[in-house]
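Student: I would like to learn how to read a few local features in a structure. Could we go through one together?

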Amino acid sequence: MVKPAIFEKYRVLTALPVYNEARHVHEVLSVVRKYSDDILVVNDGSTDGTAEVLAELAGIHVVHHSQNQGYGAGLRTAFDYALAHHYDALVTIDCDGQHEPRLIPELVAALYPESGDTVDIVSGSRYLQRFPGDSLPPADRRRINREITAYLNEILHWNLTDTFCGFKAYRVPSLKKFQITDLGYAMPLQLWVQAAAAGMRIVEFPVPLVYLEEERSFGGSLDDSVRRKAHYEAVIHQALIETGLFKMGVSDHQQIVLNQI
């Protein structure tokens, strides 16, 4: 690997939460290795042989959950690991082939703009810009993303375009401000509200829209899109209460900054 210049200045960890990805994890990691030399895999209680595949791979940090806890739990473990090992930046990327590892150095660079401004989170957006070959997302998932994104923008006075993309870069010291308790797919919504309460600076970064497996299960009743959307709204509402934004009124919170690049 030819180390990108940004990696000469900052210690960067790339983390992948995985659950039953024995078919994909070796191939995905072989590509990630080209763009990041410090990699963490959080194996969230896989039962399909993922652990055995990971055991055969040298030079990869692995944390195993004894039981499946959820997507948010995998990300929380990655946050804790990055903090405990004193990295400067953390990149999170999914293991389903929907994110392009070649963009890892660019996301990290966006955390440290030449202007010297502090950026806490660089969040991939599949809807900020169109790319040749973009996929068509499943209709219900695109609708829920659009509606939940509009809801968050209204209450937080932001202009996000994609609230659910898992391809992100974080300034690791900022991770101390999160108290993640939602361990499922709604975890990013709790994170956004906590980021707003902490006055974090958010930058969106355009990434290609790729859907390879349209039949993702969100778990039990959440496979029903109406119930899933209601659950997401409940998570946002609870996070607003827990952070105090609901009581004080988000319009009174003036430190929120959002840029798009």
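Tutor: Let us start with His86, which is found in the loop between α4 (71–84) and β4 (89–92). Helices (H or I, at least four residues) and strands (E, at least two) are DSSP runs, numbered from the N terminus. This is a predicted model, where local features need pLDDT of at least 70, side-chain atom pairs count only at pLDDT 80 or more, and totals for chains, interfaces and linings use all residues. Residues are numbered from 1 along each chain as its sequence is written, and side-chain values use heavy atoms, with hydrogens and water left out.

Student: What is the phi of His86 near?

Tutor: Most residues other than glycine have a negative phi. The phi of His86 is near 60°, a positive value in a residue other than glycine. His157, in the loop between α6 and β6 (168–171), also has a positive phi, near 60°.

Student: Is His86 buried or exposed?

Tutor: Buried means under 20% relative accessible area, exposed over 50%, and partly exposed in between (1.4 Å probe, protein chains only). His86 is exposed, at 63%, and His157 counts as exposed at 53%.

Student: Which residues does Thr163 touch?

Tutor: Contact means heavy atoms within 4.5 Å. Leaving out residues up to four places away in sequence, Thr163 touches Asn145, Ile148, Thr149, Leu152, Pro188, Leu189 and Trp192. Thr163 is found in the loop between α6 and β6 and counts as buried, with 0% relative accessibility. Its side chain makes a polar contact with the side chain of Thr149 at 3.0 Å. A polar contact is a pair of N or O atoms within 3.5 Å; within protein, one must be able to donate a hydrogen and the other to accept it, and residues adjacent in sequence count only if both atoms are side-chain atoms.

Student: How many salt bridges does the structure hold?

Tutor: Side chains of opposite charge can pair when their charged atoms come close. A salt bridge is a side-chain nitrogen of Lys or Arg within 4 Å of a carboxyl oxygen of Asp or Glu. The structure holds six. One of them joins Glu100 and Arg102, at 2.7 Å from N to O.

Student: Which residues are linked in a network of salt bridges?

Tutor: Arg143, Glu147, Lys229 and Glu233 are. Within it, Lys229 pairs with Glu147, their closest N and O atoms being 3.6 Å apart. That pair links distant parts of the chain, as Lys229 is in helix α8 (residues 225–243) and Glu147 in helix α6 (residues 139–156), 82 residues apart. Lys229 also forms a salt bridge with Glu233, at 3.0 Å between the closest N and O atoms. Glu233 and Lys229 are four residues apart in helix α8, so about one helical turn separates them.
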